[in-house]
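Please open the model in your viewer and keep the selection tool at hand. The stops below say what to select next and what is there.

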Amino acid sequence: MSAPSSIRTIGLFAYDDMQILDLAGPLDVFGGANSLAHGAPPYELCVIGLQAGAVRTENGLSVVPARTLTDAPPLDTLLIPGGVAARLVLPGDARLLDWLRERAKGTRRIVSVCTGAYVLAAAGLLDGRRVTTHWRFADDLACRYPALRVETDRLFLRDGRFATSGGLTAGMDLALALVEQDLGASVALDVARQMVMYMKRPGNQTQFSMPLAAQVQGSGRMGALVEWLLAHLDENIGVERMAEQVAMSARHFRRVFAETFGMTPARFVEKLRLEQACLRLTQGRAPIGRIAAGVGFNSADAFRRAFRARYGVTPNEYRERFSA
């Protein structure tokens, strides 16, 4: 790596009850770029706290910030990690939000990892922008901050000089993309190789969600319908047949189903089939065609197209990456 023309200062905000990987992962990516440099390192890394003294992370690890909001240096990039306090405490910290608004004026990039997006949203910095966060909290983020354009499935998103990432390790994917932006693809590739990670990870956050059957919100007859669907995925399932299972007319069923699950019956069944396919792909070595038929697709080709459209990878790629 050739010496950079100037050193970029990366400020990483640390606070009580943050998720340590959201901080340490990107820190190691930028640090990896420094370790590969010939001559002056490209980044100066600065951990910033609300005030002096150690902070205690969600898992109990203590981190001692080098600077505070009062004496933080000018920054090229500011990164806000996620954590329970990012959702429940920091959005109400007026001093921090004022500091973020002021710093945003002169900082080239403002970045959040996971639920760190809540903090930037509370400061009004993400209004009107495309953002992402951990898939588990995406709906809540969109509800609390309706001015945001939340995209649940993305590993990370860049909108102008603002960037947000999904949960945990997605922050490392974003940090690697920022290294590529700063120093070029060859440097980012060297960092990825050193850290044994993908240069550009395939797929999206949807591939990491729990099977839909564990997330359904139905109860009573609608809850029982999900159990019935799981047992009959390999069959031809239409609205009329589902309506019969819950003793409703097809018209009434469509309305109740949409109110319960937030989507059409056809879309729900496709998602259920695909998520059950994910389980089968990682629990054995059955041929793709057999899995496709077992979850109700008419052909292996139709299954592959639907799978790639939802998860961003082929069934074989998914199997290779997530099988035990």
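**First stop: H134 and its surroundings**

Select H134, which touches C114, S165, G166, G167 and Q205 when residues up to four places away in sequence are not counted, a contact being heavy atoms within 4.5 Å. This is a predicted model, in which local features need pLDDT of at least 70 and side-chain atom pairs count only at pLDDT 80 or more, while totals for chains, interfaces and linings use all residues. Residues are numbered from 1 along each chain as its sequence is written, and side-chain values use heavy atoms, with hydrogens and water left out.

H134 lies in the loop between β8 (130-131) and α5 (138-144); helices (H or I, at least four residues) and strands (E, at least two) are DSSP runs numbered from the N terminus. H134 counts as buried because its relative accessibility is 15%, where buried means under 20% relative accessible area, exposed over 50% and partly exposed in between, with a 1.4 Å probe and protein chains only.

**Second stop: a hairpin**

The bridge partner of R158 in β11 is A163. The two strands form a hairpin with 2 residues between them, and G160 in the turn has a positive phi of about 65 degrees.

Definitions and conventions. Two strands pair if DSSP finds at least two bridges between them.
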